Each structure stands twice: as structure tokens, then as C-alpha cells.
Amino acid sequence: MPPTNLTDDQTWNLVAFIHALTGPASEQTIPGDPSAGKQVYASSGCAGCHAIRGEGALLAPDLSNIGGSRPLPVIREAILEPSKDLFYLGSEAVSVTLKNGRKLEGTARNRSNYSLQLIDKAGNLHLLRMNDVKEMAIRATSPMPGDYAKRLSKDQLRDLLAYLAAQSTR
Amino acid sequence: MRYCLLLLASAAALMAQVKHEDILKGPRADWLTYAGNYQGWRYSPLTQITAANARMIAPKWVYRVPDAKRLASSPIVYDGVLYITDTNSIYAVDARSGRQIWQWADPRAKSQGVNRGSAILGNRVYLTTADNFLVALDRRSGGVIFMKKFADEKKGTTSTSAPLIVKDKVIVGSAGGDSGMRGFVAALSADDGHEIWRTYTVPARGEPGSESWGDLIEWGGGATWLSGTYDPELNTLFWTTGNPWPDFAGATRKGDNLYTCSLVSLDLDTGKMKWHFQFTPHDTHDWDAQSWPILVDTEINGKPRKAVLHANRNGFFYALDRVTGEFLRATKLIDNLTWAKGIDAKGRPIEIPGQDPTPEGNWVCPSVKGATNWMGQSYNPLTGLLYVITLEQCGRYNMSSQVPKPMSNFSGGGATEEGGQVIIRALDPKTGKRAWEYPVTGAGRMWTGTVSTAGGVLFTGDDDGHFVALDAKTGKNLWHFNMGELSTASPITYSVDGKQFVAIASATSVFSFGLFEPADPATPPITTVVK
């Protein structure tokens, strides 16, 4: 990397900028109103799949420490483009029919040729042998709705991001 | 998000949850608390694996714990899920397949250190971080329910032990006694982590017991870095305490240094100390009392007793009356013991003069690691024997003349550990005598505990990285397996769908074993990908 001619102040500003892109959102100054964002979180149905400090559902990633563990751009992208760069392991939507006829639907917390660890909508864990599964349907996209860019206004998105950025367990 | 709004509330109420009464019953298919039951037995009634068929044991799965280097955790198991901890982290694993279900880690923790395990109640699994947060997670998802700070790492305290859950309380201890701190046992609310009571193991100046100290009482140690046991009938906790600080330099702390190197009996509801018994007054060899207080009703000296048994690092095996704290008996746990002639009628060591650390170094047995240590012991009610990992090892103890400075990695000196022979010993609680012993090869580095079963099998690790099964009655070897690295944790046993497993953490991984079964070829399901 070539040396720069930046002043000390400019260097520190650059460091702060990079940290804002990569450091936890909870450590940044975020525009928006977290209280209003909490309302957006509630009215948008987020708690139907996600949980924060035990409130909500268990299908999707827990958000109690989302601000303390993810940079703001990552949180923003996860809301607006949930299927982009999707990392399936642990968040794959599956439905299965067992050989005994029972049907289950939920998130595959893990899956191999030999076993399936599925959590259903009610929060029950099902630890299955794949030999007991007759049919399995895997959703190719994120179970998270992909239309929040349209459903949320600019202000709502800003406030929701402020609320999520404030979610830190420390 | 919208597809899952409706079905939450009603179904959640129907799910199985761990109740205090479940822990009270002791292990069945599940293993719900660090030592299996409140009495500290590490004993399971499972009988599928027996002394007769143990030669058919085979590995079932291995789970490599991410980034683990020296696991010290004893797993718990509930409803087919095994939970294993490491430093500031916990992993939920399918107990039948070894596949990870979720993991939680806190990379922002301000301290690092070993973690010995987790606890479970309701739908929550609990652990502590090295910087003293009690963490409650949803057992199914790993989602955080709360994190509550209970001690200040800036005062030298860290946390390593598995929490003990009794009724609605999470009992936690404290570590850090080798650098100066003030030890305590605390009861925190299982609901939200708030403190219910805290009992210090070193008195404040002016309090009873403070006369047994000198200048450094505020940093006196008495850490409580191992979980304790609980007697539901007496509603009493039994907790052991660590060494006084500075470990090897006793001149600044003249006196017995209460309540270090002791067993304390605490009321569950208030934390009030009912009695204490000090095994090693004015310890100068770092012989914490951190070894299990095991609660057994048995005959001692010809009388039925509610006893608490304790194999101590100082080389003696004690029996006390757990109602009153009365000293009942002490016998030698090891053969190489040079610092005391024995234990007197009141339970105080009859010390041999000249055994303290010196600037030049003083050769004393047992070594600083102790005649035994925190590795889990097992009491089997069917054999009536207590199984203890013992170490015949001596060492040279040095004392520093440096002025003690707390929280500076200064322990007042140091000690060597030279050679050593690990011997697994079966002790008769009635007499304190050995029923059998099983010496193992190795360099005296072993920290593995035990578990025993109604199938008549004792499982433990050895000093060379093997996991072994012994006949619980005779000590005869039944089976062994080379894990490829030394284990520093205690095994457990559990059952899923009627099949018994035995699990133990090695340095980096969890191994689970069961009886051999012919392979079941995989028959993959018809799979479709929905665009």
C-alpha cells in the first residue's frame, strides 16, 4: 500500500469511516429514532420470526445483539435484499414429510445427508434422521420477505435501522 | 416474516420445559446439571451399557468445538440436545448425531478463561462469561434472553464454574484467587439475573473471622471456582473455597485465613453460612478445597450419618456430618504425603514443621496440582464406592520476597510439578479405605473426571488421552479408546430414543460413544428446491 499524504485528522476520519462500515452498528452514531423504529419493528411483523431478548419467534436469527455484532450496512442489506449473498446454513426454510406421514415445516438449523435439525413455527426442535424423511422441499430464497424496500418508507427504514442498531447485549 | 405470525402463543405453552423437580429427580435419559444430581454423584441409572457388554462400545460421533484448545466443560443434555461450553461461548448439538443446532459466543467479553459448563431451567440455558455476566439463552434457538453482570473483573474476579440452578435461583461462584480478589457465592434470579444474596468467603475487616487475617484481607482469595452441591431436605448448599492470596507467601496473612480452603454450608434462601470446615488452615501450597462435596447417607464410625464426603487437594479424604459440620474422619488419599502426620480429632492437620515454601525451594508432597483436583468424582450407590482421580506427585515450592501486589499475576512464589502417577481409586465411604485402584501411564497432566452407572461401569479418561471403561466393582479394564489428545473435562451419560450414549470433551472436541450397531445405509428423501 502506498504511503498517503493525509493529515492526522484526515487519517482518523478515514479510520472512523472504515470502522463505520465494518464495526458493530451499536458503536456508531446512527440517524433515526429508535423508539419509532420499535413501532416499525412491531407493525412490520418482524417478531413473527425474529426474537429480541426472548420476545418473538425462533424461526429466524435472534436479533438481541444484532447491533452489537453487525455493521449497519449488513443490517440494511439483510432487510432490503434478504436473499442476496444468502448463507443458507442455519436459516434455510424447509418442509418435510416423514415416512410415518407427519408433515413438518420450519427452518433447518442444520442439515446433512444423514440428519436434519429443524425448528418449527411454534419453536419446537425436531431432531430427525434423514432415513425417516420421505420428502423434503427446500426454499431457494430467504424466508424473509423481499419487499421491505417497497413496504417501508425512507423514514421508517431509517428508524428501524436505528432501533436494530441499538440492540446490543453489552 | 408474515407466514409465521399466527401459531406462536398456543403451541409454545405446550412445549416441554425443565422444572426444578426434574433436576431433583437426578439423571434419567437427560443430564440436567453439572454433576448429574444435586448430591454431586455423577451417577446414572442407565443400564444399556454394562460391564458385560462394554467391550462393544463404539464411537458414535465427534463434534469439533470451534476454536477450542482446552475444553474443561462437562455437557448437559435435555430432550436430545447436548450443550457444551467453552470460553464465553456455548454450542447446542444434536445429541444423537453430533450436528450443531446453534452456537452463541460473545467476542466482546473483556476476559478469557476456561468455562466448566452450563445449567438449564424452563426453556433457558445459562452460562457465565469470564467477565462475570450471567447469560440466559433460549435453549432451542440460542437467542439471548438476558445478560446480567454480577461481578467486576477490575477487582480481580472472573467466572469459570458451571452455574447451579436450585428452584428459582442460579448459584454462581467466583474465580481469580491466584492474583488477589475476594471470593463469594451468589444467588441470582433465574428470571432476570438480579442478585438475591451474596456471601463472601473472606470476611470484611471487623467481621467474625477477620481476626484470622493480616493486611491483605481485601484481596484474600477464597475463590469458588467449582460448582457446589445441594441437600433439598436441609435446603442447604455445600460449596468449597479456594486458596488464600498470596498463594505461596503466608507471612502477610498470619492466622488461619478463614474461610479459605474450606467447605461452607449455606442456606439456600438467604445465603447465611450455617457452618464451615477448614481443611487447610493458613494454606501456603495453593491447595484449594476445589473438589466435590459429595452428599451421601451412610454409616461412618458405626453410626448412620448424613455425610458430606470430600477428597481434598491436600492429600486427605474427609467425611463430615453435613447437618452440623462435625468432623467425622480423615484418611490418606495418597501415599506420598509429606506435609502432615495426619488429621487430629477436631479435623485440623497435624503439620510437620518446615514444609512452607522457601526462597530456595522446598520439596513437598503432594504437588501444587494436589492429590486430586476439580475433576468430577463419582459415587455409585449400587457399589457403594466413591471414585476419585488421584495424583501421586511432589513438587518444589518457592516463596517470593516481593511485596504482594494484587491483580498483577503475582502469587507469592511458584511450584514445580515433577513426574507423577495418576491412579484412579475406588474408596469406601464407610471406612475411607481403598476398594481398588487403577494406575494409568502418563505424565501426571490429567484433569479428567468420572461418571458411573447402574450398568456397573465407571467411565473416565486416562493420563494419555484414552477414554476408558472400568468395572465399577473391581476396577478391571473393560474397554478403551484413544481420543488423540488429553481430556480436561468430566464425562456424562444420557439416552436418546432408548439408546445410551456416553460423552466427554477432549481438549478440542466432544466425543460420544454407544454400543456398536451395524451401519444403517442412508436413504435420502425425495428433495425438491422451491424457487
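User: In which loop is Asn131(A) found?

Analyst: Elements here are DSSP runs, numbered from the N terminus: helices are H or I of at least four residues, strands are E of at least two. Asn131(A) sits in the loop between strand 6 and strand 7 of chain A. This is a predicted model, in which local features need pLDDT of at least 70, side-chain atom pairs count only at pLDDT 80 or more, and totals for chains, interfaces and linings use all residues. Residues are numbered from 1 along each chain as its sequence is written, chains are lettered from A and ligands numbered from 1 in the order in which they are written, and side-chain values use heavy atoms, leaving out hydrogens and water.

User: Is Asn131(A) buried or exposed?

Analyst: Buried means under 20% relative accessible area, exposed over 50%, and partly exposed in between (1.4 Å probe, protein chains only). Asn131(A) has a relative accessible area of 12%, so it counts as buried.

User: Which residues is Asn131(A) in contact with?

Analyst: Contact means heavy atoms within 4.5 Å. Neighbours within four places in sequence aside, Asn131(A) is in contact with Lys99(A), Asp520(B), Pro521(B), Ala522(B) and Thr523(B). A polar contact is a pair of N or O atoms within 3.5 Å; within protein, one must be able to donate a hydrogen and the other to accept it, and residues adjacent in sequence count only if both atoms are side-chain atoms. The side chains of Asn131(A) and Asp520(B) make one, at 3.4 Å.

User: With which residue does Asp520(B) form a salt bridge?

Analyst: The rule asks for a side-chain nitrogen of Lys or Arg within 4 Å of a carboxyl oxygen of Asp or Glu. Asp520(B) pairs with Arg129(A), the closest N and O atoms being 2.8 Å apart. Three salt bridges are found across the interface of chain A and chain B, and 26 residue pairs (both at pLDDT 80 or more) are in polar contact between these chains. Strand 7 of chain A gives the largest share of the side of chain A that touches chain B, with seven residues.

User: How is the size of an interface often given?

Analyst: It is often given as the accessible area lost when the parts come together. Buried area is that loss (1.4 Å probe), summed over both parts. Chain A and chain B bury about 4,200 Å² between them, with 55% of it on carbon and sulfur atoms. Lys121(A), Leu127(A) and Arg170(A) supply 18% of the area that chain A buries against chain B, more than any other three residues. In contact are 54 residues of chain A and 46 residues of chain B.

User: How many salt bridges are there over all chains?

Analyst: The search of the whole structure finds 36. One of them joins Arg158(A) and Asp155(A) at 3.7 Å, N to O. Both residues lie in helix 6 (residues 154-165) of chain A, three residues apart, about one turn of the helix. Arg158(A) is partly exposed at 35%, and Asp155(A) is partly exposed at 45%. In chain B, Lys274(B) bridges to Asp267(B) at 3.9 Å between the closest N and O atoms; Asp267(B) is buried at 16%, whereas Lys274(B) is partly exposed at 42%.

User: Which residues have the most contacts inside the largest nonpolar core?

Analyst: A nonpolar core is a set of buried Ala, Val, Leu, Ile, Met, Phe, Trp, Tyr and Cys residues joined through side-chain atoms within 4.5 Å. In the largest, of 66 residues, they are Ile294(B), Leu309(B), Leu320(B), Leu333(B) and Trp436(B). Strand 29 (residues 385-399) of chain B gives the most to this core, seven residues.

Note on methods: Buried area = accessible area lost by both parts, 1.4 Å probe.
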